Amino acid sequence: EIRNCDWSSDVCSSDLILSWITAALAGATCPSIGSFVRARWVFIAPDDSRLRTGFAWEGVVDEFLFTVGPLLTVALAFGVGLPVPLVLAALLVLLGSMWLAAAKSSIPPPTAQTAGASLVHVLRTTRIGTLALACVCLGSFFGTLDVTAVAFTAQQGVPALAGLVLAAFAAGSMVSGLAYGMRNWRVSLGHLTQRFALGLAATSPDRKSTRLNSSHSSVSRMP
């Protein structure tokens, strides 16, 4: 097991470096399906009402998969073998990407690039820059959540429940997506985002409570 490995040895060091390299390559070569799909939504649903519903529906489907995915991953990893979820995920990404590319009717037509509209110029726009910064923060949160859930459940002695924790988080997001898409909100999108962000911050556990729960769990496991 990785946690029982002597990291001072050459074998463990090489395995760790190889894991970093392969993980970086996997992330760099994975297609940005979300961006491709949202560009298609803008093309096939140009009015705001249908576009909002389409984005909400996509979010619900995504969160449903994020709910089922961790549960299936844990079941396959512990029941069949650790490489199985990775191989299955890679196969599904390949098949799904080819299926999306074959859907020609929803592909938006190419548009000529506006003069001076480089990536740096776009990011310097106040609204786009703020949105990009917010996405970076949200992406950091979700990445940290995945790692923390696995580490926390392993610390509690129940690593198999990591998938259940992530599935519960995704299920909550799925319900939120349904609630957002099923009604017309009178509150502006900015105020709505701020309210949800405050709710997310309020429900996030702090370090003190996490240490307290860890100490209680350690005491309960003592003979």
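**Exercise 1.** Is Ser 106 buried or exposed? Determine also where Ser 106 is found and what surrounds it.

*Solution.* The model under study is a predicted one.
- Step 1: Locate the residue. Ser 106 sits in the loop between α4 and α5, the latter covering residues 119–124.
- Step 2: Consider its accessibility. The relative accessible area of Ser 106 is 15%. Buried means under 20%, so Ser 106 is buried.
- Step 3: List its contacts. With neighbours within four places in sequence left aside, Ser 106 touches Arg 40, Phe 43 and Ile 44.
- Step 4: Examine the side chains. Those of Ser 106 and Arg 40 are joined by a polar contact of 2.6 Å.

**Exercise 2.** Describe the chain as a whole: how many helices and strands does its secondary structure hold?

*Solution.* 
- Step 1: Count the elements. There are nine helices and zero strands, giving the pattern α-α-α-α-α-α-α-α-α along the sequence.
- Step 2: Consider burial. The chain has 223 residues, of which 15% count as buried.
- Step 3: Consider the surface. The accessible surface is about 16800 Å², and carbon and sulfur atoms account for 71% of that area.
- Step 4: Consider contacts along the sequence. Among contacts with a separation of 6 or more, 61% are between residues 24 or more positions apart.

**Exercise 3.** Find the salt bridge of the model and state which residues form a salt bridge.

*Solution.* 
- Step 1: Take the count, which comes to one salt bridge.
- Step 2: Identify the partners. Arg 38 pairs with Glu 58, and their closest N and O atoms are 3.8 Å apart.
- Step 3: Arg 38 is partly exposed because its relative accessibility is 40%, whereas Glu 58 is buried, at 11%.
- Step 4: Look at another residue of helix α2, Trp 41. Leaving aside neighbours within four places in sequence, Trp 41 is in contact with Leu 51, Gly 54, Phe 55, Trp 57 and Glu 58. The C-alpha atoms of Trp 41 and Arg 52, eleven residues apart along the chain, are separated by 9.4 Å.

**Exercise 4.** Characterise the nonpolar patch on the surface: which helices each supply at least two of its residues?

*Solution.* 
- Step 1: Gather the members. Among them are Trp 57, Val 61, Phe 64, Leu 88, Leu 95 and Met 98.
- Step 2: Take the area. Together, the residues of the patch have about 1100 Å² of accessible area.
- Step 3: Assign helices. α3 (48–79) and α4 (83–102) each supply at least two residues.
- Step 4: Check one member. Val 61 lies in helix α3 and is partly exposed, with a relative accessible area of 33%.

Notes:
Residues are numbered from 1 along each chain as its sequence is written. This is a predicted model: local features need pLDDT of at least 70, side-chain atom pairs count only at pLDDT 80 or more; totals for chains, interfaces and linings use all residues. Side-chain values use heavy atoms; hydrogens and water are left out. Patches are made of residues with over 30% relative accessible area and no salt bridge: like charges are joined within 9 Å, nonpolar side chains (Val, Leu, Ile, Met, Phe, Trp, Tyr) within 5 Å. Accessible areas come from the Shrake-Rupley method with a 1.4 Å probe; for residues, only the protein chains shown count as cover. A salt bridge is a side-chain nitrogen of Lys or Arg within 4 Å of a carboxyl oxygen of Asp or Glu. Helices (H or I, at least four residues) and strands (E, at least two) are DSSP runs, numbered from the N terminus. Buried means under 20% relative accessible area, exposed over 50%, partly exposed in between (1.4 Å probe, protein chains only). A polar contact is a pair of N or O atoms within 3.5 Å; within protein, one must be able to donate a hydrogen and the other to accept it, and residues adjacent in sequence count only if both atoms are side-chain atoms. Contact means heavy atoms within 4.5 Å.
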